[in-house]
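Biologist: I am new to this one. Please show it to me, and then let us go through it by question and answer.

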Amino acid sequence: MLTGEVESHLVSLVAPSGQEAEQYRALRHTVEQRHKSNALSVIAISSPGVGDGKTTTAINLAGALAQGSENSVLLVEADLRRPSIGQVLGFNGSRTVGLVDAILDPSIALEDIVQARPPYNLSVVLAGQVPASPYEVLKSPQLGTLLDQARAQYDYIVMDTPPLAIVQDCLVVTRWVDGVIVVMAAHQTPRALLETALDTVDPTKMVGIVFNGFDNLSSGRYRNRYPGYYTTPALDGAERRGSFTRMGRKVGAMLRRGEDAAVRNRRSRDRSR
Ligand SMILES: Nc1ncnc2c1ncn2[C@@H]1O[C@H](COP(=O)(O)OP(=O)(O)OP(=O)(O)O)[C@@H](O)[C@H]1O
Ligand SMILES: [Mg+2]
């Protein structure tokens, strides 16, 4: 049942032509280019830890892709430990069958679990029943079969997935996908955790790092500061892995500079009071 409004930081849905949605439009462009050149269709959005902005990025990227009326886009809630797409997109009320149900019961078809999200040009698969052991469910080849069916029907399948550095769930999911986008949060994602997370991703599947620059330090509440993203040119194997690890270090150094500046600003504000 669709009852609620979507949340305001889902800028690709609520203000798609605004400045805040610009970085997601740029990310959409990268994904569309890789769709043409490398047949990139199934994209996992993950991050090193919890609360980095995976769900926000997955919905905003799916929303940006869905802006292209020629694009058919499916958003899949595959973070079975902390599913939240249903709530933030306003699917409230009675539980519907979802991804887990279709993985456990092959007689449930993809069409049975896909829901439209009007007025957006977006189809959604929610998690469904939350299992006791997400890992066991996600490693089922039935997930691969469902994604193959989705690949035949949609241009882009954007998956909100579990964190990379904490449990093994995400690694089993990335087995079935064409590409991985790693989200990191300003002032939150520790650099070492980012590097560990980047090391776990198959370098041939890395699409890029999204820098989710929301800031809850200086203002005491979330303030959107336009996510940025980094991608590398087509590199292979170790070269590609090294490139992302270096990027992780660079991003870590940048964050430390940002944190130092935030602390300096706070101190000078306190002194001037
Ligand atoms: N760019 C942003 N602007 C404003 N708020 C944001 C932004 N990114 C994330 N948030 C807020 O931060 C919180 C965590 O974001 P989100 O749910 O996207 O992260 P997550 O990585 O999916 O978390 P989890 O690990 O719990 O699934 C949410 O309350 C979300 O509304
Ligand atoms: Mg989430």
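Biologist: Which residues does Leu75 touch, not counting residues up to four places away in sequence?

Modeller: First, this is a predicted model, where local features need pLDDT of at least 70, side-chain atom pairs count only at pLDDT 80 or more, and totals for chains, interfaces and linings use all residues. Residues are numbered from 1 along each chain as its sequence is written, and chains are lettered from A and ligands numbered from 1 in the order in which they are written. Contact takes C-beta atoms, placed from the backbone, within 7 Å. With residues up to four places away left out, Leu75 touches Ala58, Ile59, Ala62, Ile85, Leu122, Val124 and Val158.

Biologist: Which residues have the most contacts inside the largest nonpolar core?

Modeller: Such a core is a set of buried Ala, Val, Leu, Ile, Met, Phe, Trp, Tyr and Cys residues joined through C-beta atoms within 7 Å. Buried means 20 or more other C-beta atoms within 10 Å of a residue's own; exposed means 12 or fewer, and partly exposed lies in between, with C-beta atoms placed from the backbone. The largest core has 73 residues, and the most contacts inside it belong to Ile43, Leu75, Val158 and Met159.

Biologist: Which helix gives the largest share of this core?

Modeller: Helices here are DSSP runs of H or I with at least four residues, strands are runs of E with at least two, and both are numbered from the N terminus. The largest share is seven residues, and it comes from helix α3 (residues 54-66).

Biologist: Why is β5 described as largely enclosed by the rest of the structure?

Modeller: Tyr156, Val158 and Asp160 point one way from β5, while Ile157 and Met159 point the other way. In a regular strand the side chains alternate between the two faces of the sheet. β5 is largely enclosed because the number of its five residues that are buried is five.

Biologist: Which residue stands opposite Met159 in β5?

Modeller: Strands pair if DSSP finds at least two bridges between them. β2 and β5 run parallel, joined by five bridges. Opposite Met159 stands Val76.

Biologist: Which residues of α8 are exposed?

Modeller: The buried residues of α8 are Leu143, Leu146, Leu147 and Ala150. They cover an arc of only 100° around the axis, taken from the directions to the C-beta atoms, which puts them on the same side of α8. On the other side, the exposed residues are Pro141, Asp148 and Ala152.

Biologist: Is Ala21 buried or exposed?

Modeller: Ala21 lies in the loop between α1 (11-14) and α2 (22-38). Because Ala21 has 23 C-beta neighbours inside 10 Å, it counts as buried.

Methods
Contact = placed C-beta atoms within 7 Å.
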